[in-house]
Amino acid sequence: MSTFECYDYIVIGAGIQGSFTSYQLVKRKRKTLLLEQFTLPHTRGSSHGQTRIIRKAYEEDFYTQMMGESYELWAEMEREAGVKLYRRTGLLVMGPENSRRYRDFKSTLEKNKISMVVLTSDNFNQHIPNVILADGDGALVDTTAGVLYADRALKVAQEQFQKLGGVIKDQEKVTDIKPGLTVTVSTSEGVYQAKGLVITAGPWTSKLLANIDLHLPLEVVRINVCYWKEKIPESYHVKKRFPCFILTEGEEAKEDIYGLPSNEYPDLMKICYHDGSETDPDQRDKKTEGADIDILRCYIARSFPGLIPEPAVIESCLYTKTPDRHFVLDRHPAYGNIVIGAGFSGHGFKFGPVIGKLLCELILGEVPSYDLAPFQISRFQTNIKSSL
Ligand SMILES: Cc1cc2nc3c(=O)[nH]c(=O)nc-3n(C[C@H](O)[C@H](O)[C@H](O)COP(=O)(O)OP(=O)(O)OC[C@H]3O[C@@H](n4cnc5c(N)ncnc54)[C@H](O)[C@@H]3O)c2cc1C
């Protein structure tokens, strides 16, 4: 008779969402296994790299409201681990003053009473040197925003999980899932059973869900993570409190352009385009020429006179996008003991602690702390080709 290792819960994928979900489960005294296909730490998914933007500025109230708790949980994790994960810099939001998106950012901050400074074309450069505000663009600063130290945050979440007795098995690719009252998960190394399973497999989610007959409209895109050299060192440095920024629309771009102050590499500022080319996560290294880099070159030449408009370093990362760019946080439509957290659409890192809490609540059958209607699988009903 074969014996399987048994756990209360299994989580697939040790990115930021799976790591925080596992941490939440073990904090609630559930025997938890976190499975990861690669050797940790790795740079093949969506959670690697040194920095991410954290902000409350959103067009939708529900994200701004979730971020309130997320900031508290990040601070709790900093205290628990004794590690600094967040640096406040503010976030500059720019965009055509009368556009719907710019107005939505502004009104969400106002409605939710988030600390904000609105700049005018007259005082803009007193506050934000070395940036040219386009004619007709509005500018505001979400003063709560800043930089999250991403690699460090991921490591800390996994360490805290292990300290509380959680088990991580890396280099174990999940190859099969058998649903049932007890879920059976097979990997390249073994077979495990649990009463519930959480799938947080990032760009590989569709491949895994195919095992359990669920097809979500998730698109994986490769993002060129571009760093641009400062003409005068430290002109845009985090130490000088240069803010993160988002340009919501521009002459050059259909999608957002965003940036973070120079920090991780000397004299290099990270500025990226919020889109890329569709890819298979296992084929991402095939070179795809990006129109995104031309868009960034033009924008930087026009608006950032202190940067050389040629990328000095290009790294890559993956987004897993849903059609509406909202997350998927839900139970499998047929198997209530399988929960899915996916489709973070390039903006999920900052929510890590709160997503972990929500996915934990879902798998434990508790009432979720937030209304999860925007994140339900049923919104894609017409797109689901389920053979169930
Ligand atoms: C360039 C870039 C910039 C970003 N900037 C921001 C930002 O400023 N602010 C922000 O909030 N968010 C940002 N994001 C988004 C954020 O980083 C992601 O939403 C988040 O990291 C997604 O985490 P995840 O855990 O869902 O996925 P991942 O980190 O990809 O984790 C999924 C894990 O599952 C594992 N896995 C998959 N299949 C299997 C299998 N079969 N068996 C075992 N393991 C498996 C993978 O190896 C991987 O480790 C950015 C993303 C990118 C790419």
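Analyst: β12 and strand β20 (residues 338-342) pair in the parallel sense over three bridges. Two strands count as paired if DSSP finds at least two bridges between them. Strands (E, at least two residues) are DSSP runs, numbered from the N terminus. V198 has V339 as its bridge partner in β20. This is a predicted model, where local features need pLDDT of at least 70, side-chain atom pairs count only at pLDDT 80 or more, and totals for chains, interfaces and linings use all residues. Residues are numbered from 1 along each chain as its sequence is written, and side-chain values use heavy atoms, with hydrogens and water left out.

Strand β1 (residues 5-12) also pairs with β12, in the parallel sense, over seven bridges. There, C6 stands opposite Q193 of β12.

β11 pairs with β12 in the antiparallel sense, over four bridges. A hairpin of three residues joins β11 to β12. S186 belongs to β11, which covers residues 183-187. The bridge partner of S186 in β12 is V191. S186 also touches V191, along with K173, V174, T175 and D176, leaving aside residues up to four places away in sequence. Contact here means heavy atoms within 4.5 Å.

Now burial. S186 counts as buried because its relative accessibility is 18%. Buried means under 20% relative accessible area, exposed over 50%, and partly exposed in between (1.4 Å probe, protein chains only). β12 spans residues 191-199, and seven of its nine residues are buried, so the strand is largely enclosed by the rest of the structure.
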